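Subject: Structure for you to look at

Hi,

Here is the structure I promised. Please open it and follow along with the notes below.

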Amino acid sequence: MLTRTEYIDGTNLQLDLWGDQFSSLERKLKHSARTEHKSLKQKLDTLKDKKRSLQLRLREAAHGSTNTEWEDVREPLEKAVEDFRSLAAQVYDNVKGS
């Protein structure tokens with residue numbers, strides 16, 4: 001099991017990498033003629049909002065003072081990260097396919 005610091009650092013790194021991908025996806029969408037361009041753009045904007053929210057939650061979790069506080073936030077945080085990854089992969093595949 002990862003420590004709090006390892007989990008937070010690793011997740012932040014993954015979010016940074018997704019942020020880099022969002023920039024390239026936005027460029028690709030600008031040149032896309034697909035009819036669902038608007039829908040994909042909205043999903044991408046939603047992902048960026050979720051990324052910011054997750055980063056805030058990770059910062060808050062990093063400053064928790066006890067292991068009990070970490071255990072209280074870890075499971076919901078892991079669920080939110082997994083939901084983000086799933087949506088990000090879906091949007092990435094849809095945009096790359098355009």
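At what angle do helix α1 and helix α3 pack, and how far apart are their axes? Bear in mind that this is a predicted model. The angle is about 20°, and the axes lie 11 Å apart. Helix α1 covers residues 4–30, and helix α3 covers residues 67–96. Angles under 35 degrees count as roughly parallel, so α1 and α3 are roughly parallel to each other. Their crossing is left-handed. The residues of this contact divide into 15 nonpolar, 4 polar and 6 charged.

Next, the core. In general, nonpolar side chains in soluble globular proteins tend to be buried together. Here the largest nonpolar core has 22 residues. Those that touch the most other members are Y7, F22, L47, L54, L77 and F84. The elements giving two or more residues to this core are α1, α2 (37–62) and α3. Which of them gives the most? It is α3, with 9 residues.

Now look at F22. Leaving aside its neighbours within four places in sequence, F22 is in contact with L44, L47, K48, K51 and F84.

Then find V95, in helix α3. Is V95 buried or exposed? Its relative accessible area is 0%, so V95 is buried. Neighbours within four places in sequence aside, V95 is in contact with L25, K28, L29 and L40. One distance to check: V95 and D45 are 50 residues apart in sequence, and 13 Å apart in space, C-alpha to C-alpha.

Best wishes

Methods:
Residues numbered from 1 in each chain as written. Predicted model: local features only at pLDDT ≥ 70, side-chain atom pairs only at ≥ 80, totals over all residues. Heavy atoms only, no water. Axes fitted to C-alpha atoms, helices over the stretch in contact; angles between N-to-C directions. Helix = DSSP H or I, 4+ residues; strand = E, 2+ residues; numbered from the N terminus. Parallel < 35°, antiparallel > 145°, perpendicular 65-115°, else oblique. Left-handed = near helix turned anticlockwise from the far one by under 90°. Nonpolar A, V, L, I, M, F, W, Y, C, P; charged D, E, K, R; others polar. Core = buried A, V, L, I, M, F, W, Y, C linked by side-chain atoms within 4.5 Å. Buried < 20%, exposed > 50% of the residue type's maximum accessible area, 1.4 Å probe, protein only. Contact = heavy atoms within 4.5 Å.
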